[in-house]
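Me: I am new to this structure and would like to learn how to read its features one at a time. Could you give me the general idea first and then the case at hand?

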Amino acid sequence: MHEKPLIEIRCYRLHAGKAQMFDQLMREQSLPLLRSSGCEVVYAGASLDHPEHYVLIRAYHDLADREQSQQAFYSSAAWREGPRTAILDCIESSVDFLQQRSLLIQLFTKESHEQGL
């Protein structure tokens with residue numbers, strides 16, 4: 001499989017007491033829908049030190065691929081009539097970060113670390 005060069009990191013802040021429900025909804029309903037729609041989910045999980053924070057990392061070929069993929073997923077009946085309302089009820093806020101995969105890999109290599117980056 002060709003690595004998709006664009007990485008989206010979506011960070012959620014969840015309402016108090018909703019972390020366990022959100023994680024279950026993600027694992028059992030949302031992630032399978034994302035994957036079945038062709039979305040590459042790189043990682044999904046709660047923060048180790050802040051259980052009310054959750055991270056979803058997805059990969060895309062480019063911005064157009066991201067737009068098309070998200071439009072198809074978020075407008076689908078499976079999402080709208082499925083876990084959408086329950087998931088949105090858990091979310092206090094969210095923020096997205098987009099970056100090139102190659103830059104992220106470079107940042108986490110030994111050489112970059114030794115250079116103080």
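Reply: Let us begin with pLDDT, which is the predictor's confidence in each residue, on a scale from 0 to 100. This is a predicted model, in which local features need pLDDT of at least 70 and side-chain atom pairs count only at pLDDT 80 or more, while totals for chains, interfaces and linings use all residues. Residues are numbered from 1 along each chain as its sequence is written, and side-chain values use heavy atoms, with hydrogens and water left out.

Me: Where in the protein is confidence lowest, and where is it highest?

Reply: Helices (H or I, at least four residues) and strands (E, at least two) are DSSP runs, numbered from the N terminus. Confidence is lowest in helix 6 (residues 110–114), with a mean of 60, and highest in helix 4 (residues 84–90), with 97. The protein as a whole averages a pLDDT of 90, and 91% of the residues score at least 70.

Me: How should I read strand pairing, and which strands pair with strand 3?

Reply: Two strands pair if DSSP finds at least two bridges between them. Strand 1 (residues 6–14) runs antiparallel to strand 3 and is joined to it by eight bridges, with Ile7 standing opposite Ala59 of strand 3. Strand 2 (residues 40–46) also pairs with strand 3 in the antiparallel sense, over six bridges, and here Val41 has Arg58 as its bridge partner.

Me: Why is strand 3 said to be largely enclosed by the rest of the structure?

Reply: The general idea is relative accessible area, where buried means under 20%, exposed means over 50%, and partly exposed lies in between (1.4 Å probe, protein chains only). In strand 3 (residues 53–60), six of the eight residues are buried, so the strand is largely enclosed by the rest of the structure.

Me: How many salt bridges does the structure hold, and which parts does the pair of Arg66 and Glu8 tie together?

Reply: A salt bridge is a side-chain nitrogen of Lys or Arg within 4 Å of a carboxyl oxygen of Asp or Glu, and the structure holds eight of them. Arg10 forms one with Glu8, where the closest N and O atoms are 3.6 Å apart; Arg10 is buried, with a relative accessible area of 12%, and Glu8 is buried at 0%. Glu8 also meets Arg66 in a salt bridge, at 2.9 Å from N to O. Arg66 lies in helix 2 (residues 63–74) and Glu8 in strand 1, so this pair ties together parts that are 58 residues apart in sequence.

Me: Are Glu92 and Arg13, which also meet in a salt bridge, buried or partly exposed?

Reply: The side chains of Glu92 and Arg13 meet at 3.5 Å, N to O. Glu92 lies in strand 4 (residues 91–100) and Arg13 in strand 1, so the pair ties together parts that are 79 residues apart in sequence. Glu92 is partly exposed at 45% relative accessibility, and Arg13 is partly exposed at 35%. Elsewhere, salt bridges that share partners join Glu8, Arg10, Arg58, Arg66 and Asp96 into one network.

Me: Which residues does Gln99 touch, leaving out those up to four places away in sequence?

Reply: Contact means heavy atoms within 4.5 Å, and by that rule Gln99 touches Pro5, Leu6, Ile7 and Leu104. Gln99 has its place in strand 4 and is partly exposed, with a relative accessible area of 32%.
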